[in-house]
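Hello,

Here is the structure I promised to hand over. Please open it alongside this message and follow along.

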Amino acid sequence: MLKQLLEGTFRCPPQTTRSCSSNMADTWQSVMDHAVAVARKAGEVVRGALTEDRKVTTKSSAVDLVTQTDQAVEQLIIQSVKEKFPTHRFIGEESVAAGEACVLTEEPTWIIDPIDGTTNFVHSFPFVAVSIGFSVSKQVEFGVVYSCLEDKMYTARRGKGAFCNGEPLQVSEQKEIQHSIIATEFGSSRDPEAVDKIFISLRNVLSLPVHGVRGAGTAAINMCLVASGCAEAYYEIGIHVWDVAAGSLIVSEAGGVLMDVEGGEIDLMSRRIIAANNKTIAQRIVQEIASFSPPRDDAPPLKQ
């Protein structure tokens with residue numbers, strides 16, 4: 001199957017392109033149905049690739065990993081969407097890495113992370129997600145996060161709630177930071193100044209104290225854990241729009257809040273986020289973060 005994907009000869013089976021919705025007035029439901037189907041097919045590819053040798057290369061740093069499967073899965077998703085929705089646009093992690101611009105327009109746009117948790121995938125650490133956000137007029141209309149190895153399909157539609165395998169999600173009701181679990185990640189930057197600030201923030205959060213700090217190794221799954229009530233908050237500086245576009249809607253539709261690490265409104269291109277069960281927890285975390293600003297996802301490329 002992987003060979004077919006790389007050669008561009010693979011096609012999703014008919015059931016992945018058939019809408020489950022009979023409500024034609026619901027403009028984006030058929031699009032979301034397709035996203036769920038293609039995410040599940042992508043998950044099959046990811047699971048199958050775990051039994052094969054994984055050729056690993058690097059991108060922005062020695063720990064920013066990419067595999068042949070990342071590229072094949074993104075190709076699968078984009079090819080499938082182009083066949084069914086030819087006017088839609090894309091922001092894909094591997095496409096951007098290959099030099100395409102990361103620009104969010106008013107047009108319907110698929111924001112794709114083919115394997116969120118590539119390092120996990122390389123090491124067979126059991127948290128790997130396919131993440132698909134869909135934006136119209138620069139607003140995320142639906143999010144799909146498929147935790148492939150757990151076989152958990154997280155979904156959300158704007159104004160219609162969030163679900164895992166069809167069951168409604170609801171964030172934790174905890175309001176005391178001292179009784180909370182906080183999720184975070186260390187990212188792929190090894191710039192000493194950034195690393196120092198990441199560890200200052202971690203020390204500050206731990207010392208509140210909190211019950212614990214966890215990290216699944218994937219932003220998308222961390223956010224789904226917040227939406228599920230398993231963690232009270234997730235924060236990170238250095239993520240990308242494809243990491244958080246889908247998860248951000250899943251959190252908000254489960255009753256959570258989104259915030260910039262300095263307390264302002266969330267900007268998905270800023271590479272900074274707090275996703276929390278409520279505003280009280282989010283604002284408390286803001287007080288402990290040693291903030292910095294990595295280059296924005298939509299920043300123009302540096303001149304050589």
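This is a predicted model: local features need pLDDT of at least 70, side-chain atom pairs count only at pLDDT 80 or more; totals for chains, interfaces and linings use all residues.

**The seven-stranded sheet**

Start with the open sheet. Seven strands form it, in the order β3-β4-β5-β6-β7-β8-β9. The pairing is mixed. As a reminder, strands of a sheet pair through backbone hydrogen bonds, either parallel or antiparallel. The edges are β3 (89-92) and β9 (167-168), and each of these pairs on one side only.

Look at β7 and β8 next. β7 covers residues 152-157 and β8 covers residues 162-164. They pair in the antiparallel sense, over three bridges. Within this pair, Tyr154 stands opposite Cys164 of β8.

Which helices lie across these strands? Helix α3 (residues 68-84) lies across β3, β4 (109-116) and β5 (129-136). Its direction is at about 155° to β4. Helix α8 (residues 241-253) lies across β3, β4, β5, β6 (139-147), β7 and β8. The angle between α8 and β6 is about 100°.

Now move to β10, residues 181-184. It pairs with β11 (residues 212-214) in the parallel sense, over three bridges. Here Ile182 has Val213 of β11 as its bridge partner. Between these two strands the chain passes through helix α6 (residues 192-206), and this β-α-β crossover is right-handed.

β10 also pairs with β12 (residues 233-237). Again the sense is parallel, with three bridges. Ala183 stands opposite Tyr234 in β12.

**Helix α6**

Which residues of α6 are buried? They are Ala194, Ile198, Ser201, Leu202 and Val205. Seen down the axis of α6, these buried residues fall within an arc of 100°, so they line one face of the helix. What do they pack against? The buried residues of α6 pack against β10, β11 and β12. On the other side of the helix, Pro192, Glu193 and Arg203 are exposed.

Then follow the chain from β10 through α6 to β11.

Best wishes

Conventions
Residues are numbered from 1 along each chain as its sequence is written. Side-chain values use heavy atoms; hydrogens and water are left out. Two strands pair if DSSP finds at least two bridges between them. Helices (H or I, at least four residues) and strands (E, at least two) are DSSP runs, numbered from the N terminus. A crossover is right-handed if, with the strands pointing away from the viewer, the path from the first strand over the helix to the second runs clockwise. Contact means heavy atoms within 4.5 Å. Axes are lines fitted to C-alpha atoms, for helices over the stretch in contact, and angles run from 0 to 180 degrees between N-to-C directions. Buried means under 20% relative accessible area, exposed over 50%, partly exposed in between (1.4 Å probe, protein chains only). The arc is that of the directions from the helix axis to the C-beta atoms.
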